[in-house]
Amino acid sequence: MNVGVCEWKFRAMKDRSLNAGAAPNGLIIVNRGIVEYAANEEEVALVIAHEIGHQAANHIATGQRNQAVGALVGAILLGAAGAAASYRSPNSTQITRSAVDAGANVGGAIGRISFSKEQEREADYLAAVILYRSNIDLDKARGFLVTMARASGRKETGMLDTHPAGPERIAGWDRAVAEIRASNGGLPQRA
Ligand SMILES: [Zn+2]
């Protein structure tokens, strides 16, 4: 592993949008929205482990070069969150729109750093390893990716393909989990 940071700090934000992030110096930010939209603790653990994965693989150092698109990524992610939330709400259109608006703002705060698709895959893989070794139910945690995938199928979140969500990400997760279970939590050689 290309470890940049071994000590992580966690910050819980009051923001009710569905977002989380990894920032320099081991900072991991989790919005209240993650907890509200998650179906169980395992799903929240997946989000946190994913951000730890970004830190552990030292993605922050390279991600900082991509700051310019951070706000855009934030808007896309939160647009998806709004769509996901709307499944449970009669005011779906309004919620989605306000989530996109909020997303552009939060993107400036949380989404200053964006990662490549390969880095996102790697963060998911590391998240699965972390959860496996922590005895957290990987199948329950997977539900969060399903929620994201459902959101990505919505018309208003068509730009979501720049952020990993959907069948491809779930398939990657399932492959990772199968490998990790077979190796009893081992890490593969880094490419
Ligand atoms: Zn990520």
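**Close-up views of a predicted model**

**View 1. Histidine H50 is a buried residue.** H50 has a relative accessibility of 6%, so it counts as buried, the limit being under 20%. The model shown here is predicted. H50 is also one of the residues that hold the zinc ion, through its atom NE2.

**View 2. A zinc ion sits among two histidines and a glutamate.** The protein donors are H50 (NE2), H54 (NE2) and two OE atoms of E120. They lie 2.0 to 2.7 Å from the zinc ion. Along the chain, the donors follow the spacing H-x3-H-x65-E. H50 belongs to helix α2 (residues 41-56), and E120 belongs to helix α6 (residues 117-133), so this pair ties together parts that are 70 residues apart in sequence. Is E120 buried or exposed? E120 is buried, with a relative accessible area of 7%.

**View 3. The zinc donors form an irregular arrangement.** Why is the arrangement called irregular? The angles subtended by the four donor atoms run from 53 to 141°.

**View 4. E36 and R16 form a salt bridge.** Their closest N and O atoms are 2.8 Å apart. E36 is in helix α1 (residues 32-37). R16 is in the loop between β1 (9-13) and β2 (20-23). The two residues are 20 residues apart, and the pair links distant parts of the chain. E36 is partly exposed, with a relative accessible area of 28%. Which residues make up the network here? R16, R32 and E36 are linked by salt bridges. In total, the structure holds eight salt bridges.

**View 5. E168 and R121 join two helices.** The side chains of E168 and R121 meet in a salt bridge, at 3.7 Å from N to O. E168 lies in helix α9 (residues 167-182) and R121 in helix α6, so the pair ties together parts that are 47 residues apart in sequence. E168 counts as exposed, at 57% relative accessibility. R121 counts as partly exposed, at 42%.

**View 6. R181 and D139 form another salt bridge.** The closest N and O atoms of R181 and D139 are 3.2 Å apart. R181 is in helix α9, and D139 is in helix α7 (residues 138-141). They are 42 residues apart, and the pair links distant parts of the chain. R181 is partly exposed, at 40% relative accessibility.

**View 7. The largest nonpolar core has 28 residues.** Those with the most contacts inside this core are I34, L46, L131, F144 and W173. Which elements give two or more residues to the core? They are β3 (27-31), α2, α6, α7, α8 (143-152) and α9. Helix α2 gives the most, with six residues. In soluble globular proteins, nonpolar side chains tend to be buried together.

**View 8. L46 has contacts well beyond its sequence neighbours.** Leaving aside neighbours within four places in sequence, L46 is in contact with A127, L131, A141, F144, L145 and W173. Of these partners, L131, F144 and W173 are among the core residues with the most contacts.

**View 9. The whole protein has nine helices and three strands.** The pattern along the sequence is β-β-β-α-α-α-α-α-α-α-α-α. Buried residues make up 49% of the 191 residues. Among contacts with a separation of 6 or more, 71% join residues 24 or more positions apart. The accessible surface is about 9,800 Å², and 52% of this surface belongs to carbon and sulfur atoms.

Terms used:
Residues are numbered from 1 along each chain as its sequence is written. This is a predicted model: local features need pLDDT of at least 70, side-chain atom pairs count only at pLDDT 80 or more; totals for chains, interfaces and linings use all residues. Side-chain values use heavy atoms; hydrogens and water are left out. Helices (H or I, at least four residues) and strands (E, at least two) are DSSP runs, numbered from the N terminus. Buried means under 20% relative accessible area, exposed over 50%, partly exposed in between (1.4 Å probe, protein chains only). Contact means heavy atoms within 4.5 Å. Accessible areas come from the Shrake-Rupley method with a 1.4 Å probe; for residues, only the protein chains shown count as cover. Donors are N, O and S atoms within 2.8 Å of the metal (3.2 Å for Na, K and Ca); water is not among the atoms, so sites may look incomplete. Four donors count as tetrahedral if all angles lie between 85 and 135 degrees; four count as square planar and six as octahedral if opposite donors are over 155 degrees apart and all others between 65 and 115; anything else is irregular. A salt bridge is a side-chain nitrogen of Lys or Arg within 4 Å of a carboxyl oxygen of Asp or Glu. A nonpolar core is a set of buried Ala, Val, Leu, Ile, Met, Phe, Trp, Tyr and Cys residues joined through side-chain atoms within 4.5 Å.
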